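Here are my notes on this model, written as numbered points. Please keep the structure open beside you while you read.

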Amino acid sequence: MPSPFAPTALIGESFAGEGANAAHTNVVIGRKGGPVETAWATALATPSAGHVPFVTIVRPSVPVKPLTLFVPKAAAEGELHQRATWGSAQAGLAQGVTDAVRDGLLSAEEADDLLIIAAIWVNPAVDDLDVSFRNQRAAAYEAVRAAVTGTPTVADVLAAAEEGPANPFYAPTSEVLTR
């Protein structure tokens, strides 16, 4: 039976929650032996100051399957931000990926053949580890779903663009949007 996953890469994105405890997750999913494996191994072997990728675990010595590389978008500074990055956000990513396998978005039979790279935003102002966990779990699951289902479609993007771009940090006024 052919695999539902491309031999190259599937890409997904999701944003969950609001404020300092929101989670923004980008994922790349691919097969071992392909370009995602090269990127995965390269990222793990070449950390940069403040952005040290690490293998996501369900518990110590139990990495999530598919093997998932957590790539922090913000350098972990201060005790609570470090606990959120290496603790609640990592646990949320592990649970979100596990939920995706449990629900059949990712094949359990193929989990050992797949790799995930997850770029994770944890706001340095994070103030609630439980909310951080819940938001990261939801963002991870939805990013995997988007990757696997190929959403949003181009039609979805064009429809959203009709309303104008917006994100939690900026939304242009109608005057700015006018060509």
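1. The open sheet has 5 strands in the order β1-β2-β7-β6-β3, with mixed pairing. β1 (10-16) and β3 (54-55) are the edge strands; each has a single partner, so one side of each has no neighbour in the sheet. Strands here are DSSP E runs of at least two residues and helices are H or I runs of at least four, numbered from the N terminus; two strands pair if DSSP finds at least two bridges between them. This is a predicted model, in which local features need pLDDT of at least 70 and side-chain atom pairs pLDDT 80 or more, while totals for chains, interfaces and linings use all residues. Residues are numbered from 1 along each chain as its sequence is written, and side-chain values use heavy atoms, leaving out hydrogens and water.

2. Strand by strand, the pairing goes like this. β1 and β2 (residues 23-31) run antiparallel, joined by 7 bridges, and F15 stands opposite H24 in β2. β2 is also antiparallel to β7, through 9 bridges, with R31 and L114 as bridge partners. β6 and β7 run parallel, with 6 bridges between them.

3. How buried is β7? Of its 9 residues, 7 are buried, so β7 is largely enclosed by the rest of the structure. Buried means under 20% relative accessible area, exposed over 50%, and partly exposed in between, with a 1.4 Å probe and protein chains only.

4. Helix α1 (residues 35-45) lies across β2, β3, β6 and β7 (114-122), at about 50° to β7. Helix α2 (residues 79-102) lies across β3, β6 and β7, at about 140° to β7. The angles run from 0 to 180 degrees between N-to-C directions of axes fitted to C-alpha atoms, for helices over the stretch in contact.

5. L67 belongs to strand β6 (residues 67-72) and stands opposite L115 in β7. Beyond four places in sequence, L67 touches K32, W40, V55, L114, L115 and I116, where contact means heavy atoms within 4.5 Å. L67 and W40 are 27 residues apart along the chain, and their C-alpha atoms are separated by 9.7 Å.

6. Now the cores. The largest nonpolar core has 26 residues, and V27, I29, L93, L106 and I120 have the most contacts inside it. β2, α2, β7 and α3 each supply at least two of its residues, and α2 gives the largest share, 7 residues. Apart from this core lies another, of 5 residues, including V36, W40, L69 and L115. A nonpolar core is a set of buried Ala, Val, Leu, Ile, Met, Phe, Trp, Tyr and Cys residues joined through side-chain atoms within 4.5 Å.

7. N123 sits in the loop between β7 and α3 (129-149). N123 counts as buried because its relative accessibility is 17%. The N123 side chain reaches the backbone nitrogen of A125 at 2.8 Å. Leaving aside neighbours within four places in sequence, N123 contacts G19, A20 and H81.

8. Is helix α4 (residues 154-163) buried or in the open? Of its 10 residues the number buried is 0, so α4 lies largely in the open. Just after α4, G164 has a positive phi of about 100°.

Notes
Polar contact = N/O pair within 3.5 Å; in protein donor to acceptor, adjacent residues only side chain to side chain.
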